[in-house]
Amino acid sequence: MHISSILFRSSFHWLSLSLCLLSQLQTGTSYALKTLLKDKLKKPELQKLREEVRIMAALDHPNILRINECFEDETSIKLVLDLCQGGKLLIIIHEIRTTS
């Protein structure tokens, strides 16, 4: 796997995250790598996040983003997700609302 670029980075009052483009070198398949930093999370919030990841990883539906892998270490939770191309959803929704 090779990280080729950072797609998004943000920090909220309770969570810091980054989103990178990840490429499988053997197949050329691209994924999104979402990194969630645990430093701002309290124990109950961390447990809720782990439960949400566990539930999402079990889902298999064409309209729900798929979690392919999940890794956790002392400082972060990393999710390997299907790559959704085509723009940011909030921008697309805003454009649809303003043009219709």
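**View 1. Pairing of β4 with β5.** Strands β4 and β5 run antiparallel and are joined by five bridges (strands are DSSP runs of E with at least two residues, helices runs of H or I with at least four, numbered from the N terminus; two strands pair if DSSP finds at least two bridges between them). F71 has K78 in β5 as its bridge partner. The model is predicted, with local features needing pLDDT of at least 70 and side-chain atom pairs pLDDT 80 or more, while totals for chains, interfaces and linings use all residues. Numbering starts from 1 along each chain as its sequence is written, and side-chain values use heavy atoms, without hydrogens and water.

**View 2. The buried face of helix α1.** L46, L49 and V53 of α1 are buried (under 20% relative accessible area; exposed is over 50%, partly exposed in between; 1.4 Å probe, protein chains only). The buried residues of α1 fall within an arc of 60° seen down its axis, so they line one face of the helix (the arc is that of the directions from the helix axis to the C-beta atoms). P44, K48, R54 and A58 are exposed on the other side of α1.

**View 3. Salt bridges around E72.** E72 forms a salt bridge with K38, their closest N and O atoms being 2.9 Å apart (a side-chain nitrogen of Lys or Arg within 4 Å of a carboxyl oxygen of Asp or Glu). K38 lies in the loop between β3 and α1 and E72 in β4, so this pair ties together parts 34 residues apart in sequence. E72 also meets R50 in a salt bridge (2.6 Å, N to O).
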